[in-house]
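Reader: Let's go through the salt bridges in this one. Can you walk me through them?

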Amino acid sequence: MSVPPSPMRHRQPSDDGMTRVELTWIEKRIEHWIRFGRVAVDEIVDRRRRIVRFRPGAIFAFVRWAANDYGTVTSRIDIVRAVGTDEPFTTLPFVRPGGDILLKIEGWPKVSQVLAAIDATETAGVDPCDAAPDHWRHVHNRIAAGHQPRPYTLERHRAWLKRREIEG
């Protein structure tokens, strides 16, 4: 009798160990795109679909928007850290196998706040991929509570880099 695998230990569906994200673009109907992230592999499936892959540890923002004849049905942004082969993860539509979700926001007013926080990070001179993962958790928590998130400054980024260096 075989023992079922632990639910916290899943194998990556691809041999390369990367996280795959399926992007779809059907003008004014379904729009999935990457707002930021260092794409390792970009594969065009057809004129409406692409699959991008991220290496373990990469942080990316995945935006999903859908509409019908009456208007927007859903808008959502997830900031995700791609996981390694034996790391636990949370499943997410269109992301295989899933990832460490740092931020999960739904509804256009809140999504636009996250996009503004990403823009502010870039304005501060920091690539959002390199920002501290805790910052994206902070942005999630503040927006979910109806508060304005604190901006990510170059000073905070330097502190994050020093902390990461010390922790090894």
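Reader: How many salt bridges does the count come to?

Author: Quick heads-up: this is a predicted model, where local features need pLDDT of at least 70, side-chain atom pairs count only at pLDDT 80 or more, and totals for chains, interfaces and linings use all residues. Residues are numbered from 1 along each chain as its sequence is written, and side-chain values use heavy atoms, with hydrogens and water left out. A salt bridge here is a side-chain nitrogen of Lys or Arg within 4 Å of a carboxyl oxygen of Asp or Glu. By that rule, the count is 19.

Reader: Which residue does arginine 35 meet in a salt bridge?

Author: The N to O distance for this pair is 2.8 Å. Arginine 35 sits in strand β2 (residues 30-36) and its partner in helix α1 (residues 108-123), 87 residues apart; helices (H or I, at least four residues) and strands (E, at least two) are DSSP runs, numbered from the N terminus. The partner is glutamate 122.

Reader: And what does aspartate 127 pair with in a salt bridge?

Author: The closest N and O atoms are 3.3 Å apart. Aspartate 127 lies in the loop between α1 and α2 (133-144) and its partner in the loop between β2 and β3 (41-46), so the bridge ties together parts 89 residues apart in sequence. That partner is arginine 38.

Reader: What is the relative accessibility of arginine 50?

Author: Arginine 50 forms a salt bridge with aspartate 42 at 3.0 Å, N to O. Arginine 50 counts as partly exposed, meaning between buried (under 20% relative accessible area) and exposed (over 50%), with a 1.4 Å probe and protein chains only. Its value is 32%.
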